[in-house]
Amino acid sequence: MAIFSLLVTANPYSQQGQFSALKFVQTAVEMGHQIKRVFFYADGVLVASRLNCPPSDEINLTKAWAKLAIQKDIELAVCVTAALKRGIVNQAEADRNALTGENLDPAFEITGLGQLTEAMLESERLITFG
Amino acid sequence: MKSISFIFNKAPYGLQNSRELLDICLMSSAFEMPISVIFKEQGILQLLKNQQPEVLAMKNHSKTFQALELYGVEKVMICEESFKELNLNKADLLDIGTYANKETINQVIAHSHFVQML
């Protein structure tokens, strides 16, 4: 059994990469592999907003990731620099930057870029979904 | 020790991919592992001197490539074939790497534990 980490840079509702990443994690876990961390970077961070509100007959990727993270205990890490640029903030960052609100889904965690390299070094494979 | 290769294959400033990849590269250098940086295809344009992204209200990351050595990145390779296709002069590019053919570059990639490209 292998240990994987994922780097997700795909824009959630413009590119397919997010859904592919989601299916990869689901399948890998079902097959008994371990997911060290899923790291969201570049436009990929946009999925971490709990204000994403697609039509009810389309998949809500934020909720799909959150459900998977809770069910399978998967760590969802979001790059702080990429997130702040794109308006993805938790309460601490909102306070620090004097923003009027926060919108980070609680299943995601805002972290630094070092968490990507750290995850990679503890994994056998890093797979990018762009 | 695990090794990593970063492949820059896109032109600068129209897209932010390469700047974001460079950030990962610099961050990874803090983990003291062997890092190879490869410029191929349009990525070679990252090394063109006298870029003025300030005109487009963009941060100039070209200079950061010159700091790779300071960050402990030992191997910087530029694809010879791509360089020829782009019809550039070596004097037009930042002098930060060695020119290598595709075969050599492919071997470096094949021997890396991890490869990143954005």
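Here is our conversation about the contact between the chains, the salt bridges and the pockets.

Colleague: Before we start, what kind of model is this?

Modeller: Good place to begin! Local features are held to a pLDDT of at least 70, and side-chain atom pairs count only at pLDDT 80 or more. Those cut-offs are there for a model that is predicted.

Colleague: How much area do chain B and chain A bury between them?

Modeller: The size of an interface is often given as the accessible area lost when the parts come together. Here the contact takes 18 residues from chain A and 13 residues from chain B. Of the area buried between the two chains, 67% is on carbon and sulfur atoms. The total is about 1,300 Å².

Colleague: Which residues in chain B lose the most area to chain A?

Modeller: Three residues stand out on that side, together giving 36% of what it buries. They are B:Glu20, B:Phe31 and B:Phe114.

Colleague: Which element gives the largest share of the side of chain B that touches chain A?

Modeller: Two elements of chain B give two or more residues to that side: strand E5 (114–116) and helix H1 (17–29). The largest share is 6 residues, and it comes from H1(B).

Colleague: How far apart in sequence are the parts that A:Glu75 and A:Arg37 tie together?

Modeller: These two form a salt bridge, with their closest N and O atoms 2.7 Å apart. A:Glu75 lies in the loop between helix H2 (61–72) and strand E3 (76–79) of chain A, while A:Arg37 is in strand E2 (residues 34–40) of chain A, so the pair joins parts separated in sequence by 38 residues.

Colleague: Which residues lie nearest the centre of the largest pocket?

Modeller: The largest pocket has a volume of about 270 Å³. Its lining has 5 nonpolar, 6 polar and 3 charged residues. Of the 14 residues that line it, those nearest the centre are A:Thr9, A:Ala42, A:Asp43, B:Asn17 and B:Glu20.

Colleague: And what volume does the second largest pocket have?

Modeller: This pocket is lined by 15 residues, with B:Met33, B:Pro34, B:Ile35, B:Ser36 and B:Glu74 nearest its centre. The volume of the second largest pocket is about 210 Å³.

Key
Residues are numbered from 1 along each chain as its sequence is written. Chains are lettered from A and ligands numbered from 1 in the order in which they are written. Side-chain values use heavy atoms; hydrogens and water are left out. On a 1 Å grid over the protein atoms alone, a cavity is a set of points where a 1.4 Å probe fits but cannot get out, and a pocket is an open set with protein on both sides within 12 Å along at least five of seven lines; lining residues have an atom within 4 Å of a point. Grid points are joined across faces, edges and corners, and a volume is the space filled by probe spheres set on the points. Ala, Val, Leu, Ile, Met, Phe, Trp, Tyr, Cys and Pro count as nonpolar, Asp, Glu, Lys and Arg as charged, and the others, Gly among them, as polar. Contact means heavy atoms within 4.5 Å. Buried area is the accessible area (1.4 Å probe) that two parts lose on being put together, summed over both. Helices (H or I, at least four residues) and strands (E, at least two) are DSSP runs, numbered from the N terminus. A salt bridge is a side-chain nitrogen of Lys or Arg within 4 Å of a carboxyl oxygen of Asp or Glu.
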